[in-house]
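Hello,

Here is the structure I promised to pass on to you. Have a look at it first, and then read on for what turned up.

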Amino acid sequence: MALHLRQALIKLLLVLLFAVACLNFFIVVENDDGGGVGVSKLLPAEISYLAETSSLLAKIANDAITIEAGHLNGSLYLPDALHPNENSIIRTNILQGKNPRCCLIASAPNKPKRIPCHGTCFLPRACTDELYPFQSSREQSFFHQLRNVTVENQRDAGRPRVVVGTESLDLQRKCQEMNARLHPPYQWCQHWLNCDNNRRNNHPINPYEANLPPPGCSLIPNMHSAYQNLLLFPSNTERREKIGGGATTTNNKLAFCGIPKNGITNWIQLLRFIIGAPDYLSVPHGKHDWKKFQFDSLDEHVQLNILNDDSYIFAAFLRDPAERLLSLYLDKVNGKDLLWKTHFVSLYGLDDTPSFEEFVKLIDRKRTSCPFYGNKSERISGMDWCTDEHWAPQTFNCGLSEFLPRFKFIGSLGRIEHQSKQILQHVGLWESYGRYYHEEKSVIPDRVRSSCAVPPPELKVGDTLTGFQQQQQQQQTKKAITPTKDQDGVKFSYHSTQSQSKLDKYYTKELHEIVARLYANDYKVWNLIKDEEDLVSGSELAMKLSSTCRVKAIH
């Protein structure tokens with residue numbers, strides 16, 4: 001009864017919020033002469049939008065998990081990353097100024113100096129259990145089928161050398177050959193085009209034969225792989241006993257293509273939440289536990305099996321290329337973080353931080369070969385396989401350019417809240433993990449806070465968990481109820497970001513034209529999905545992008 005009462009109170013508050021928002025709306029809508037309020041000024045579309053927003057808030061409240069005493073005493077299910085007893089001890093130690101206990105997992109490849117940024121924190125099991133981050137020996141055996149690639153630490157004439165056997169040298173040769181081709185062929189549905197041969201082939205989707213840098217190239221210094229950002233989420237099958245009734249029965253497994261500057265950090269944090277890392281809100285990129293689930297490091301035969309196994313659901317989110325490039329510039333090139341700005345200038349041998357116009361024109365310079373070991377200034381120019389992954393075309397990732405139909409779900413970053421939930425529901429991870437994900441960082445004094453060792457949230461009875469990607473939805477939806485006013489009258493802000501709001505400030509007509517040319521193939525896909533409320537299948541997109549793909553699909 002207590003839970004039902006809380007939900008009823010939440011709904012009542014939402015109704016009151018909606019009423020107040022409507023009142024604010026009436027107040028800001030002015031007559032032409034700047035005078036009193038006119039209800040007639042409300043457009044039908046605006047009234048409909050307000051009603052839709054209120055309905056959306058109610059749906060969010062109904063789906064949210066509210067913490068009860070049973071969650072805290074262990075009688076109700078909570079994911080391991082939110083385990084309340086251990087987490088309360090962790091917080092007490094941090095508030096007393098004690099350093100977080102962070103450990104490298106047993107199979108970590110090296111011994112870095114900054115253990116918190118590479119290790120798993122607040123989890124004693126990670127220090128001693130050789131099984132972690134896996135749930136079972138079967139899961140461990142599957143993900144331990146690795147490539148035999150090692151890089152020597154010493155340097156020869158400034159170039160790290162691959163030294164382990166024929167397999168490594170053969171992979172290095174393939175990577176250099178394919179990176180040197182600069183661009184993917186962009187056939188969109190290559191396995192459909194080769195369907196006659198595929199009938200005699202157990203692996204119709206084969207990036208090793210598709211003129212792409214093959215999986216594994218990211219293990220070779222100065223090389224790029226088309227699949228280096230493909231994440232394999234662990235299945236509920238290994239975790240169903242712990243989850244109990246919260247698990248959705250499905251054999252589907254998620255293969256998520258995390259494209260840089262398209263929210264990849266959030267998905268890595270979700271992966272760490274699922275494997276039980278209490279510090280899942282930390283900056284994850286250097287940590288070793290989640291890297292055990294990277295597609296690129298697996299053995300070639302395992303990769304081919306995954307690519308051709310229908311139980312793996314491939315998904316990706318795309319973004320407006322102009323917005324993505326500006327977001328990259330404002331974050332990594334000319335952001336508030338002086339360390340990042342200095343790093344960028346040093347990395348590419350620049351005299352100073354470039355303006356946005358200078359940056360766009362730098363990357364627009366053409367080149368005829370990949371500068372694998374070229375000087376710093378050479379590496380910033382050009383749009384090819386040697387381009388920095390943060391501004392390389394989105395369709396260079398995970399075989400999107402050649403095997404687009406392999407993707408069951410293509411979404412747009414502007415609708416990440418709704419569409420990410422759809423994906424997790426399809427693979428059985430929403431009810432067991434997505435709903436329980438909590439994004440609010442605990443209030444910890446700055447003197448003991450580290451972005452590499454963020455402690456787990458402190459949960460109390462009555463707290464409402466945000467859900468994966470849903471916190472932003474709630475905040476934006478509430479803000480969107482109250483319109484903003486500009487010189488043209490009333491303007492609604494929906495799914496806006498800081499970079500989107502600055503597009504007009506930074507982009508000239510010339511820069512828009514340059515970006516449209518550099519990312520022409522990205523725009524072909526983006527223009528087909530940007531207005532879609534729900535996820536779109538790669539097969540549908542391929543048939544729209546290519547008449548040849550359409551004919552092959554019909555046949």
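A contact here means that heavy atoms lie within 4.5 Å. Counted that way, residues 24 or more positions apart account for 73% of the contacts in the chain with a separation of 6 or more. Please keep in mind that this is a predicted model.

To get your bearings, the chain contains 26 helices and 10 strands. Of its 555 residues, 50% are buried.

Next, the aromatic rings. Searching the whole structure gives 30 aromatic pairs. One of them joins Tyr329 and Phe356 in an edge-to-face arrangement, with 5.3 Å from centre to centre and 65° between the planes. This pair links distant parts of the chain: Tyr329 belongs to helix H14 (residues 321-333) and Phe356 to helix H16 (residues 356-363), 27 residues apart. Both Tyr329 and Phe356 are buried.

Lys253 lies over the face of Tyr312, 4.7 Å from the ring centre. For Lys332, the charged end sits over the ring of Trp340, at 4.1 Å from its centre.

Enjoy exploring!

Best wishes

Note on methods
Residues are numbered from 1 along each chain as its sequence is written. This is a predicted model: local features need pLDDT of at least 70, side-chain atom pairs count only at pLDDT 80 or more; totals for chains, interfaces and linings use all residues. Side-chain values use heavy atoms; hydrogens and water are left out. Helices (H or I, at least four residues) and strands (E, at least two) are DSSP runs, numbered from the N terminus. Buried means under 20% relative accessible area, exposed over 50%, partly exposed in between (1.4 Å probe, protein chains only). Rings of Phe, Tyr and Trp (its six-membered ring) pair if their centres lie within 6.5 Å; planes under 30 degrees apart count as stacked, over 60 as edge-to-face and the rest as tilted. A charge sits over a ring if NZ of Lys or CZ of Arg is within 6 Å of the ring centre and within 35 degrees of the ring normal.
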